[in-house]
Amino acid sequence: MNKNTFITVKLEKGEMNIYDFGNIKLHAYKTNDFIDDEVFIIEKNGKAVIIESPCFFDNNNELEQYLNDVEVEGMLIAYHGAGGTFLPNVPKYATQNAVEYSENGGGKNLINNFTGAFGEIFDNAVHKITDVICEGRVTIADIDFVIRQTPEAFDIEIPEINAVYTHMLGHDCHSIVAGTAHADAIITQLKEYIEKGYDLILTSHYTPEDLKDAETKIAYIENLKNIAEKCSNAEEFKFEVQKQYPAYSGENYLDMTAGFFFA
């Protein structure tokens, strides 16, 4: 499946890019919200599983209307625990560390920060997890998912469409890289994706990407490490990264990365 082989349905705020695999479809919801959230719906035989959740009230309403004719059998809540008023009666699946991340850890800190930044338009209710899952295969709505726990939450393989979901990629935008060790871990992960030959890489803040995008991201992260070695402080590091990647979006993520490398 080519990442550009989809049909687009324009919604009032966001848009839906639909990938047709025959007996299964991927609906990639581009929210167009303030933090570029992306939500994924895997549909098979009129039933669906949602990966992550919108977190602004207008997107919640828009996506609920879009799903009117689909029976949602479950939601996988990994890195985005906010948006808890969205489909409150649908079963919510997460690993125990993802629950802790959203309720008390780094995810909760982000929710608090976003609440302060966006106010009442942001749905800061945390999803109530009904089913705690472990690593390995989980079947929901006759769709198999392979859960891979990460330090913060979990990634998801979707064998039937040869795709994988992780938190962030973005081949032409900055990402949160929490120092050299984290950079090396991301590179290892992306090289594994390339070795496995996934058709699509799904992430929370970008439209579906492919293995060429993974190669681009590896080169970017390797260069971040080289730049950090030559700089003496966060300001110098940030200036040099901006100089080399002037068209990249995600300045707030670059700020966080600079802080991690020079903590």
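I began with strand E12 (residues 163-166), which runs parallel to strand E13 and is joined to it by four bridges. I counted strands as paired where DSSP finds at least two bridges between them. Helices (H or I, at least four residues) and strands (E, at least two) are DSSP runs, numbered from the N terminus. From E12 the chain passes through helix H4 (residues 180-196) to reach E13, in a right-handed β-α-β crossover. Right-handed means that, with the strands pointing away from the viewer, the path from the first strand over the helix to the second runs clockwise.

The model is predicted: local features need pLDDT of at least 70 and side-chain atom pairs pLDDT 80 or more, while totals for chains, interfaces and linings use all residues. Residues are numbered from 1 along each chain as its sequence is written, and side-chain values use heavy atoms, without hydrogens and water.

Last, I examined the nonpolar cores, sets of buried Ala, Val, Leu, Ile, Met, Phe, Trp, Tyr and Cys residues joined through side-chain atoms within 4.5 Å. The largest has 31 residues, and Phe-145 is among those with the most contacts inside it. A second, separate core of 27 residues includes Val-164 and Tyr-193.

Conventions
Buried means under 20% relative accessible area, exposed over 50%, partly exposed in between (1.4 Å probe, protein chains only).
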